[in-house]
Amino acid sequence: MSLGVSPLDAERRKYRPRLPTVLARGVAGLEVEAGGPTAAVADADAIRKHFPQTFGRPLLRFRSGGPGGAAKPLRVGVVLSGGQAPGGHNVIAGILDALRGVHGESRLHGFLGGPRGIFTGQHRELTVDLVEPYRNSGGFDMIGSGRDKIETPEQLAACRATCEKLGLDALVIIGGDDSNTNAAVLAEYFLEQQLDLSVIGVPKTIDGDLKGGPVEASFGFDTASKVYGELIGNICRDAKSAGKYWHFVKLMGRSASHVTLECALRTRPNLAWIGEEVRKNELTLREIVDRTADVVRRRREAGRSYGVVLVPEGLIEFIPEMRVLIDELNALLALHAGGDAETQRRRAAEQLTAPSAAVLESLPGNIREQLLKDRDSHGNVQVSLIETEALLAVKVAERLGGELKAHKHFFGYEGRCAAPSNFDADYTYGLGHVAVALIAHGATGAMAALRNLSGPHESWEPVGVPLTSLMRIEQRKGKPAPVIEKALVDLEGPVFKTFAAERETWQVEDAYRYPGAIQYFGPAEVADVTTATLRLEQGAD
């Protein structure tokens, strides 16, 4: 038996991602059409002050033109930034293939370990032979990733020095909202420095919260939600088979509940909490516990002492009294970082407001301890480490007098590096081509995007979206800062409304669906179908 690549890996390498018709002949002959000036999601005057060189640039559309004239070789750098998402390698493969289509002597350099690789000059040339084994594969292991921000004058200057040393014409940053904010900062800086170097962003995040306007989806969401959907479906069938366990499942999504909502539509659990709805209705932790316990009781009365509850990773921050507590703790720990758990707890008891101190003391010890730990690089509590699913299970059991057999799960890393679905494989490969089309036409400070994604791939439309048009001002580390806005679940939109119309039936009845594993081969309605979220948003369902 061979210990090399698996049979599936070998077959996936053979897959040839499908391009939109407008990109299928290459990017050299494309014609670009510019729309009118763009603004910002909010705070336009403030965004303009931060980005005077790039603010207001138009949306760019592409259409097939003539055969295209002789093009010069391009030298491009690419970096993977932030957490992994299925399809990152195909963005790189798409960039490489599109560059070779522009000119055979074009070269691609990958920066190692994320943005740090740019300002430290760590890179490797990405050749055809090096990239080939990574096509249609999951992970970011071709060049690695990282969460470093590029924000200090020294870092910006070091990035410029690296790009000039390599003779780059462009830099492509593949990442989420923070990473693409970095891209906007670099694009503005290079223009201020009169450096002729394009900076292009690519939308990545499995959380599904980098979208809006012309940006219809971030890559990785399709694959990750399908991975989680398979696991949840398996748990639903296990719950029904055993007939005695409740499963509390936490899913990725700190700032938005898109993954939980999509997985709920795919599997029909008995209960799924949507953080945005919790915040709108100002539900307290007690109310959430009481409503969950009520579903448990009603199912028990119907002879079903089992069930499945989905919980978004960031639920705890959507609960009003928890949000107030976390904000107070963030401010407190910003002034008094460090110290053992008992010191932090005593300090919190002394300095928190009385309501927040009472909330903190009401929490189980492990949750309390996590809330008091040091913050992440943005000064925020590390929500993914808080066992929200365990908190809910414990509180529900208390409300039921201890009569609850509960299992807790967190599905997060399981979905980040899966082999991309056919949709994500095609989508990311196409995004790589759009990035090169933008570079070839001299664009900068733009995000590569494809529209009409719920339709057949032939009709997908390549566009370049000004990064500043996606921005607003938010508080970061206690100061106002320009950031790309996270897209939250729209409680008035068709996705949530579809869920809300059906969820009452799911609570007591066994309406479970079992989506099974991602299918890479077979009929289009099985292998190529995308998320319910995208189909509903675009009226395809």
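Select Cys417 to begin: this residue is partly exposed, with a relative accessible area of 39%. Here buried means under 20% relative accessible area, exposed over 50%, and partly exposed in between, using a 1.4 Å probe and protein chains only. The model is predicted, so local features need pLDDT of at least 70 and side-chain atom pairs count only at pLDDT 80 or more, whereas totals for chains, interfaces and linings use all residues. Residues are numbered from 1 along each chain as its sequence is written, and side-chain values use heavy atoms, with hydrogens and water left out.

**Cysteines**

From the sulfur of Cys417, the closest cysteine sulfur is in Cys263, 17 Å away and too far for a bond. A search of the whole structure finds zero disulfides, a disulfide being a pair of cysteine sulfur atoms within 2.5 Å. Next select Cys159, which is in no disulfide; its nearest cysteine sulfur, that of Cys163, is 6.5 Å away. Cys159 is buried, with a relative accessible area of 0%.

**The open sheet**

Display the strands in the order S9-S10-S8-S11: they form an open sheet of four with parallel pairing. Helices (H or I, at least four residues) and strands (E, at least two) are DSSP runs, numbered from the N terminus; two strands pair if DSSP finds at least two bridges between them. Strand S9 (271-272) and strand S11 (406-411) are the edges, each pairing on one side only. Strand S8 (residues 246-251) pairs with strand S10 (residues 307-312) in the parallel sense over six bridges. Within this pair, His247 stands opposite Val308 in S10.

Axes are lines fitted to C-alpha atoms, for helices over the stretch in contact, and angles run from 0 to 180 degrees between N-to-C directions. Helix H9 (residues 258-267) lies across S8, S9 and S10, running at about 155° to S10.

Within H8, select Cys236. This residue is buried, with a relative accessible area of 0%. Not counting residues up to four places away in sequence, Cys236 touches Thr267, Val308, Tyr512 and Tyr514, where contact means heavy atoms within 4.5 Å.

Move to the loop between H9 and S9 for Arg268. Although not a glycine, Arg268 has a positive phi of about 55°; at 26% relative accessibility, Arg268 counts as partly exposed. Gln194, in the loop between helix H7 (177-192) and strand S7 (198-203), also is not a glycine and has a positive phi of about 55°. At 75% relative accessibility, Gln194 counts as exposed.

**The nonpolar cores**

A nonpolar core is a set of buried Ala, Val, Leu, Ile, Met, Phe, Trp, Tyr and Cys residues joined through side-chain atoms within 4.5 Å. In the largest one, of 83 residues, select Val172 and Tyr228, which touch the most other members. Helix H19 (residues 422-440) gives the most to this core, with 10 residues. Apart from this core lies another, of 42 residues, including Trp273, Ile316, Leu363 and Val396. Return to Tyr228: leaving aside neighbours within four places in sequence, its contacts include Ile206, Leu251, Cys263 and Phe411.

**Helix H15**

Finish at helix H15 (residues 354-362), where Ser356, Ala357, Val359 and Leu360 are buried. Seen down the axis, the buried residues of H15 fall within an arc of 160°, so they line one face of the helix; the arc is that of the directions from the helix axis to the C-beta atoms. The face of H15 turned away from this buried side carries the exposed residues Ala354 and Pro355.
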